[in-house]
Amino acid sequence: MKPVLTNNAPAAIGPYSQGMVIQNFVFTSGQIPLTKEGNLVTGDITEQTKQVLSNLQAVLEAASSSKEYVIKTTVFLKNMEDFQKMNEVYEQFFDGHKPARSCVEVSRLPKDVLVEIEAVAVIEF
């Protein structure tokens with residue numbers, strides 16, 4: 001196993017890695033809408049989702065993977081009424097690639113953000 005570390009995504013805010021690589025799989029930690037400098041994006045669900053997916057992409061790239069190699073994501077929403085707007089940004093980000101996905105509403109997320117996304121991917125061959 002090897003931890004993923006990149007300065008192009010926010011540092012972990014607890015005792016965990018941005019991601020882990022084992023064999024040819026990448027498991028990302030949940031990404032929230034923090035800039036790589038650690039500043040919180042306080043916009044609406046659209047702006048927060050864009051930042052989350054940007055962070056996710058940076059972690060995947062640091063692990064020699066990319067969004068095209070994502071197998072599954074899990075999306076955590078503070079309010080399921082934000083699903084449609086989140087889904088529009090998500091669909092544009094993946095640009096035709098459709099990984100398996102779970103999406104759940106949760107009562108609270110770190111730093112009271114609106115969305116968190118984690119992913120499982122493979123490393124490019």
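Is K111 buried, partly exposed or exposed? At 48% relative accessibility, K111 counts as partly exposed. Buried here means under 20% relative accessible area, exposed means over 50%, and partly exposed lies in between, with a 1.4 Å probe and protein chains only.

## Basis of the model

This is a predicted model, in which local features need pLDDT of at least 70, side-chain atom pairs count only at pLDDT 80 or more, and totals for chains, interfaces and linings use all residues. Residues are numbered from 1 along each chain as its sequence is written, and side-chain values use heavy atoms, with hydrogens and water left out.

## Overall fold

The chain has two helices and six strands. Along the sequence they follow the pattern β-β-β-α-β-α-β-β. The radius of gyration is 13 Å, close to the 14 Å that the globule rule gives for 125 residues, so the chain is as compact as a globular protein of that length. That radius is taken over C-alpha atoms, and the rule is 2.2 Å times the number of residues to the power 0.38. Helices (H or I, at least four residues) and strands (E, at least two) are DSSP runs, numbered from the N terminus.

Taken along the principal axes, the C-alpha atoms fill a box of roughly 40 × 30 × 20 Å. Of the contacts with a separation of 6 or more, 70% come from residues 24 or more positions apart. Contact means heavy atoms within 4.5 Å.

## Surface and charge

Of the 125 residues, 43% count as buried. The accessible surface comes to about 6900 Å². Carbon and sulfur atoms hold 49% of that surface. Areas come from the Shrake-Rupley method with a 1.4 Å probe; for residues, only the protein chains shown count as cover.

The chain carries 11 positive and 15 negative charges, and their mean positions are 3 Å apart. Lys and Arg count as positive and Asp and Glu as negative, while His and the chain ends are not counted. Each charge is placed at NZ of Lys, CZ of Arg, CG of Asp or CD of Glu.

## Nonpolar cores

A nonpolar core is a set of buried Ala, Val, Leu, Ile, Met, Phe, Trp, Tyr and Cys residues joined through side-chain atoms within 4.5 Å. The largest one has 25 residues. Which of its residues touch the most other members? They are V26, V75, M86, V115 and I117. Helix α1 gives the most, with seven residues.

M86 touches I45, T49, V75, L77, R101, C103 and V115, not counting residues up to four places away in sequence. A second, separate core has five residues, including L34, F76, L109 and V113.

T73 sits in strand β4. T73 is buried, with a relative accessible area of 1%. Neighbours within four places in sequence aside, T73 is in contact with Y90, F94, A100, R101, S102, I117, E118 and A119. T73 and A121 are 48 residues apart along the chain, and their C-alpha atoms are separated by 8.8 Å.

E47 lies in helix α1. E47 is partly exposed, at 38% relative accessible area. From E47 to V89 the C-alpha distance is 8.9 Å, across 42 residues of sequence.

## Loops

The loop between β3 (25-28) and α1 holds T35. Is T35 buried or exposed? T35 is buried, with a relative accessible area of 17%. T35 touches P10, V41 and Q51, leaving out residues up to four places away in sequence.

D95 lies in the loop between α2 and β5 (100-105). D95 counts as exposed, at 67% relative accessibility. Phi of D95 is near 45 degrees, a positive value in a residue other than glycine.

K111 is found in the loop between β5 and β6. Phi of K111 is near 60 degrees, again a positive value in a residue other than glycine. D112 lies in the loop between β5 and β6. D112 is partly exposed, with a relative accessible area of 38%. D112 and T28 are 84 residues apart along the chain, with 20 Å between their C-alpha atoms.
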